[in-house]
Amino acid sequence: CPSYRATGEEQHSTRGRAHLLWEMLAGDLRSEGFQSEAVHAALDLCLSCKACKTECPVQVDMAAYKSEFLAQRYKGRLHPLHHYVFGFADKLARWGSLTPALTNALLTGPITSPLIKHIVGVAQQRELPSLAAKSYIKERAASESSNIPKTSNHKNAQGLEGQSAQPQVVLWPDTWNNYYHPQTLAAAETVLTQAGFRVETPKGHICCGRPLYDFGHLGAAHSYLANVLDRMTTQIDTGLPFIFLEPSCASVFKDELPELFPNDSRAQRLRDQVWLFADWIAAKAPGFATGRLQGAQILIHGHCHHKAVFGGPASEISLLRQAGATVEAIEAGCCGMAGPFGFEADKFAVS
């Protein structure tokens, strides 16, 4: 557990947290229940990295327990402001992207930036991320509209027919890459296209709601995923693979989705159609990377959910070595950011 390694305190270990939860549910904390400050303090430093679910001998899913605890703690009342700011970060990115230059000026301004950080509880030492000039989804939509065939002659028909014969995949535009680093999604689309796949992306804003679990917004998380299932029903029923760059988003569909929708067959099918980008390339385009990074020296830091849910960056390492690079996996645990965790002012020192 990263927070236990940082503090060395029993209450921040998986065992300590589980014991406190057991005492609460067994009635030892009957008068406090879900309002117990002791339990809240123990769970507050949980990074929801899911390591305990795979590394603990009894597979304690502390991330799920924390999410449920917070949902019960704030049931029927308002959460703290930063729960909404971080939990609904996708909406803020979407609204901010309407006027990215103005948004970035406010987030980085010498007067406005410290004020915003103070109001929402962000550590002053952290730098707020800057939005891209145009999101990946908007850029792609503009590109598609400018490339629509002007005529339906035989040559165009042949071209479209040949295109449709390519294996099709869905590239997931996660919030971070879509709004802040669209060039990464664009590069992924280029690789997938060169590897022989026809790339589709959801139209318009879409989000898995990953940060919502960190703050107990389970009702909103359910709504986000219901929207995904409804909007992507055709792709799910067709059996298209969903390709993800962000492991924490992919883990939602592997982990939380089947738990929130246990009786929805679409949720079960989508879980089995999820791929991380490198895993897909390694499995479906063998040899594609050969010789492309000859002589490069690369360090890899594995993502927490990548390790916990998908077994780690073995495909990344394999592909990079196949490309001719010298690759070394960094022997370290969590990076300390864990999504919103490292931005919160009261967690900066532990982070």
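The largest cavity has 13 lining residues, and Cys1, Arg17, Cys46, Cys49 and Cys52 are the ones nearest its centre. On a 1 Å grid over the protein atoms alone, a cavity is a set of points where a 1.4 Å probe fits but cannot get out, a pocket is an open set with protein on both sides within 12 Å along at least five of seven lines, and lining residues have an atom within 4 Å of a point. This is a predicted model, where local features need pLDDT of at least 70 and side-chain atom pairs count only at pLDDT 80 or more, while totals for chains, interfaces and linings use all residues. Residues are numbered from 1 along each chain as its sequence is written, and side-chain values use heavy atoms, with hydrogens and water left out.

Back to the cavity: the count comes to 1 of 30 Å³ or more. Helices H2 (14-26), H4 (51-55) and H5 (62-73) each give its lining at least two residues; helices here are DSSP runs (H or I, at least four residues), numbered from the N terminus.

Now for the open spaces. In the largest pocket, 43 residues form the lining, with Ala89, Trp176, Gly339, Pro340 and Phe343 closest to the centre. Two or more of its lining residues come from each of H13 (182-194), H19 (277-284) and H21 (314-322), and H13 gives the largest share, 5 residues.

Here are the volumes (the space filled by probe spheres set on the points, which are joined across faces, edges and corners) and the lining classes (Ala, Val, Leu, Ile, Met, Phe, Trp, Tyr, Cys and Pro count as nonpolar, Asp, Glu, Lys and Arg as charged, and the others, Gly among them, as polar).

| Space | Volume | Lining residues by class |
|---|---|---|
| Largest cavity | about 80 Å³ | 9 nonpolar, 2 polar, 2 charged |
| Largest pocket | about 1300 Å³ | 28 nonpolar, 10 polar, 5 charged |
| Second largest pocket | about 810 Å³ | 18 nonpolar, 6 polar, 3 charged |

One helix pair is worth a look too. The axes of H15 (residues 218-231) and H18 (residues 265-272) come within 11 Å and cross at roughly 85 degrees, so H15 is roughly perpendicular to H18 (65 to 115 degrees). Axes are lines fitted to C-alpha atoms, for helices over the stretch in contact, with angles running from 0 to 180 degrees between N-to-C directions. Val228, Leu229 and Asp230 of H15 meet Arg266, Ala267 and Leu270 of H18, contact being heavy atoms within 4.5 Å. These contact residues split into 4 nonpolar, no polar and 2 charged.

Conventions: Parallel < 35°, antiparallel > 145°, perpendicular 65-115°, else oblique.
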